[in-house]
Amino acid sequence: MRLQKFLANAGIASRRKAEELIAAGRVEVNGQTVREMGFLVDPEKDEVKYMNRVVRPEKNKIYLMLNKPAGCVSTCHDENGRKTVMQYVKDVKERLYPVGRLDFTTEGLLLMTNDGSLTNALTHPKHNVQKKYLAVIDAEITEEELEKLSKGVVLDDGYKTAPCVMKLLSSSGSRSEVLCVITEGKNRQVRRMFAAIEKNVCYLKRVAVGDIKLGNLKKGSYRMLTKEEVAYLKKFVL
């Protein structure tokens, strides 16, 4: 088994992130640091360590959704000492990892699991998993502006976004509510898309990932996914 796949299956990180950890020299196999991509390991014979801790595949797979509050980061640790999403799932004994990220000021649905294969599948661009957001803009927005966003706009780094769905829910002179459905996951993408048409997002909440909906889950709370929800997500692994 490739080392990055072993790490992903053990819930250490997604496969792509595991490759970064290997390249950074943070993984050992049988006492030797390995930086080679595609390095093969035997899960039954080889001892793999990450950060001096022996890595063993998680036998009990956990799948949950958290209603992430604003004011915390979607990582396991934060170098700046900020609150992380892990503080909201303290009573789960398994080592979990967020599936993708929501930025510090964004609320809403964040999937978390120790299933590295699923994390890798859901975050891979080829699957085009839909993500739905409720965005509140501190200004009036026109249908023409929304049409421009839906066709794709050029972000501040020169990247042009893929076509998406933008639906106006309500609008007044000082406030507009927009349902945004995107299939990409660029850093702070929704906020940057509106910034491209000189609009400011003052509130952003993710309400669904594919067919998985946040519903009425309270802010800061989590729940385990149902068997049906897990089965739906695992379709992306195939």
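Me: What should I know about the model before I start?
Reply: The model is predicted, so local features need pLDDT of at least 70, side-chain atom pairs count only at pLDDT 80 or more, and totals for chains, interfaces and linings use all residues. Residues are numbered from 1 along each chain as its sequence is written, and side-chain values use heavy atoms, with hydrogens and water left out.

Me: Into which domains is the chain divided?
Reply: Domain bounds come from an automatic or database domain assignment. Here they give domain 1 (3-54), domain 2 (63-126 + 215-235) and domain 3 (130-209). The centres of domain 1 and domain 3, taken over C-alpha atoms, are 38 Å apart.

Me: How do I read strand pairing?
Reply: Start with the elements. Helices (H or I, at least four residues) and strands (E, at least two) are DSSP runs, numbered from the N terminus. Two strands pair if DSSP finds at least two bridges between them. Now the case. Four strands form an open sheet in the order 2-1-3-4, with antiparallel pairing. Strand 2 (32-33) and strand 4 (53-54) are the edge strands, each pairing on one side only. Strand 3 (residues 48-50) joins strand 4 in the antiparallel sense over two bridges. Lys49 faces Val54 of strand 4 there.

Me: Is Glu198 buried or exposed?
Reply: Buried means under 20% relative accessible area, exposed over 50%, and partly exposed in between (1.4 Å probe, protein chains only). Glu198 has 74%, so it is exposed.

Me: With which strands does strand 11 pair?
Reply: Take the partners in turn. With strand 7, strand 11 runs parallel over two bridges. Glu107 stands opposite Lys205 of strand 11. With strand 8, the sense is antiparallel over seven bridges. Tyr133 faces Arg206 of strand 11. Strand 12 (residues 212-213) pairs with strand 11 in the antiparallel sense over two bridges. Val209 has Ile212 as its bridge partner in strand 12. The hairpin of strand 11 and strand 12 has two residues between the strands, and Gly210 takes a positive phi near 60 degrees.

Me: What surrounds Glu107?
Reply: First, two terms. Contact means heavy atoms within 4.5 Å. A polar contact is a pair of N or O atoms within 3.5 Å; within protein, one must be able to donate a hydrogen and the other to accept it, and residues adjacent in sequence count only if both atoms are side-chain atoms. Glu107 is in strand 7. With a relative accessible area of 9%, Glu107 is buried. Its side chain makes a polar contact with the side chain of Tyr203 (2.9 Å). Leaving aside neighbours within four places in sequence, the contacts of Glu107 include Lys68, Leu102, Lys205 and Lys219.

Me: How do I find a nonpolar core?
Reply: A nonpolar core is a set of buried Ala, Val, Leu, Ile, Met, Phe, Trp, Tyr and Cys residues joined through side-chain atoms within 4.5 Å. The largest has 31 residues, and Met112, Met166 and Phe194 have the most contacts inside it. Domain 2 and domain 3 both give residues to this core, so it lies between them. A second, separate core of 18 residues includes Val99, Ile212, Leu214 and Val230.

Me: Why is helix 3 largely enclosed by the rest of the structure?
Reply: Count its buried residues. Seven of the eight residues of helix 3 (residues 116-123) are buried, so the rest of the structure largely encloses it. These buried residues pack against elements including helix 1 (3-9), helix 2 (15-23) and helix 6 (227-234). At the start of helix 3, a side-chain oxygen of Asp115 comes to within 3.1 Å of the backbone nitrogen of Leu118.

Me: How many aromatic pairs does the structure hold?
Reply: Rings of Phe, Tyr and Trp (its six-membered ring) pair if their centres lie within 6.5 Å; planes under 30 degrees apart count as stacked, over 60 as edge-to-face and the rest as tilted. The structure holds one pair. The ring centres of Tyr232 and Phe236 are 5.6 Å apart and the planes are at 90 degrees, so the pair is edge-to-face. Tyr232 counts as buried at 17% relative accessibility, and Phe236 is buried at 15%.
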